[in-house]
Amino acid sequence: MNLAWLGNRVHLLACVVAFCALMEPAAAPHRHPQDPTKLTENRPWMDRNLSPDERAELVLKEMTLDEKIALIHGNGMPGWGEPRPNAYLGNGGAGFVLGVPRLGIPMIQISDAAYGVRASAQNGRYSTALPSNLASAASWDTQSACEYGSLIGRELRAQGYNMTLGGGVNLTREPRNGRTFEYMGEDPILAGTLVGNRMKCEQEQHVMGDIKHFAMNDQESGRNEVNSVIGKRPMRETDLFAFQLGIAIAQPAAVMCSYNAVNGDYACENRFLLTDVLRKDWKFKGFVISDWGATHSTLKASAAGLDQEQPLDDFYGPRYKQAVESGSIPPAELDEHVRRVLRSEFASGIIDFPVKKSVVDVQAGLETSRILAERSIVLLKNEKGVLPLDPGKVQSIAVIGPHADTGMISGGGSAQVDPPGSKAPKWQDKVWFPTSPLQAIRTRGANLRVAFDSGANPGSAAELASKSDIALVFVYQWTSEDMDLPNLSLPENQDALIEKVAQANPRTIVVLETGTAVTMPWLDKVSGVMEAWYAGSKGADAVANILFGEVNPSAKLPITFPLDVNDLPHPQLQKPSSDGVGLAAIMKSGEAKPTFAVHYEEGLKVGYKWYDAENKKVLFPFGFGLSYTKFEYASLEVRAGAAVTLNFNVKNAGSREGVEIAEVYATLPGDSGEPPKRLVAWSRAELKPGESKQVSLTIPMEYLSVFDETTNSWKRLPGNYSFHVGSSSRDLPLHAKLTLD
Ligand code: BGC
């Protein structure tokens, strides 16, 4: 990637001599300050009183065929094949789309930005790393999701980007999926609500948002050649429902279609997904952008509803133009793609508020990152109140773990955020963020003795633990795009390390830095467990604040932690043949056919719905998380009207201020064919010691409906419903019944 980038720089020099005259118009709009009155005279689409649709239509009428084609494909990505002569126009991100300078339509500069803006080291810039997307889902908090999106939106613009590729919301059907950390967990209502709020606030910064990967891209193994096979009902009620909600809340500029095929057709040429569901049922007005290299045809993709190919123009460049000229693609079809791109540009404000590079607010970003991490760290075990640590009583702490002296691990792939001052990491390098648990813990008390052992030699780590009041073991599981985990065990003998340390000192607390669930064969032997996920730029301070009780943990798991991989719906991961022949054919041919299939026969039973339906014990259930205080639930009342309304009381029965995420699940009528229960509402209640609050929640009827394949519509079935309220999917003390006609 580095070399390719250098290649682009060489092209830049070459351009000075050979191409600059040609390229001049593309750069022009950035040089002329625009007088708004003049603009609306000559360019009526610059009138902000018109709707984005009207403005898009006015521009479209002025455009030539070549200008239209330019809007429906990318121009390359640093590191992706040979750079094009116009590569110098890019901003160093995932790609760019040429604008129409004579009409005042800017270039689209695109960056990956899952948990922060990507490739800042490569480009000599700076980005904040937020906690992973999965971590942010553990906050169950729409306000936090909004702060997350705003920060990324601001940093994108500061770095010269006007479009983000964040917004991952594939449901965790397969927890070994290496991208689980980029998504929002296993429940469609939780995931869709949070991704929607994140993207809404991101787009408020005037960047175009993108929700991805549409759809059923639930494993990385063979992602370009797998056919995900699933019924319409489970797809609409689960995986697609997360997208539906996210799109309804955020109205994102774009939806990214995924690499895989769904029920036989590649996602980027899948009429059912792109036209029937997205455009017709959901009335999505933005554009569909292909994942990088996920376009496989011109005619089929265009007719199915793919609006823009990325990162190049294999199918949506000269071939597309030729197809229009020869009449095999109707001009109106091209116009529809272009109209959608233009509409999103107007709706997001990237035309009215052109990007201006500026300095990233580093301190504010770090502060936000720490606060969001504190709201996302889940306390899983706290035996005999070992936590919070009292620096007045604890005199010595052993900090154990690979890199626990210098950093915390982060998630890889196109989501990777570079640490400040680092070299650009290579694809799938393990990147440790310089947020030092050892240092953060050392600041907690003048008389505290804090010693470090990497754990490379479990014997020496155990010896240190035996001489310390408390042993803190920081363990990690690295995951990334383009890989799946072989299982859910901690790698590199870390289970054995924990066992050994816990044997030496039962006051052992494990801090997990993981991208997905892990199994814990040592659970009974340790006193405390905290799930810190990939905790971002300020992870160590957030962990220390919770360990020492400056922050009372409130987060809850957005995925189930199973006891064993054999309990998963698919104990064995399906993989393509290892010779790669199928993949090579697919990437070249343009008549791509998947080479293997994953049958999602568990259907509606995703995550906790699977374990509930199959009566399986789990290690930690969906929705689980401890606090340093106790909460009690009472007095549930349920009423039906246009929506279902619930009232109940939550009381802080402990002696510390805390936040409780109260969860509501519904059981649908017995003949509905649904799993035992689904999450339908939740609330974050902030409570002082002894304080009691009435929580009122409204459940939209859609959340109680099922998808009827025969009529292709949602139906709320008549019959008996029950509602369950409590602190996790497996701790629900309050119940109420309701009969709905
Ligand atoms: C990933 C996308 C990403 C794109 C651009 C692809 O490999 O699947 O999520 O946005 O690359 O980097």
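## Ground rules

Here, a residue is called buried when its relative accessible area is under 20%, exposed when it is over 50%, and partly exposed in between (1.4 Å probe, protein chains only). What you're looking at is a predicted model, where local features need pLDDT of at least 70 and side-chain atom pairs count only at pLDDT 80 or more, while totals for chains, interfaces and linings use all residues. Residues are numbered from 1 along each chain as its sequence is written, and side-chain values use heavy atoms, with hydrogens and water left out.

## Two disulfides

Let's start with the cysteines. If a disulfide is a pair of cysteine sulfur atoms within 2.5 Å, the count comes to two. Counting bonded cysteines along the chain, the pattern is 1-2, 3-4.

C257 lies in strand 6 (residues 254-257), while C268 is in the loop between strand 8 (265-266) and helix 10 (271-281), so the pair ties together parts that are 11 residues apart in sequence. Here the torsion about the S-S bond is about 105°, so the disulfide is right-handed. C257 counts as buried at 0% relative accessibility, and C268 is buried too, at 2%.

Now for the charges. Side chains of opposite charge can pair when their charged atoms come close. Taking a salt bridge as a side-chain nitrogen of Lys or Arg within 4 Å of a carboxyl oxygen of Asp or Glu, the count comes to 49.

D112 takes part in a salt bridge with R118 (3.0 Å, N to O) and in another with K212 (3.7 Å, N to O). D112 belongs to strand 2 (residues 108-112) and K212 to strand 4 (residues 210-214), so their pairing ties together parts that are 100 residues apart in sequence. D112 is buried, with a relative accessible area of 6%; R118 is buried as well, and K212 counts as buried at 2%.

Which residues does the network around E182 and R179 join? E182 and R179 form a salt bridge, their closest N and O atoms being 2.7 Å apart, and both are buried. Through salt bridges that share partners, R179, E182, E220, R223 and E481 are joined into one network.

Terms used:
Helix = DSSP H or I, 4+ residues; strand = E, 2+ residues; numbered from the N terminus.
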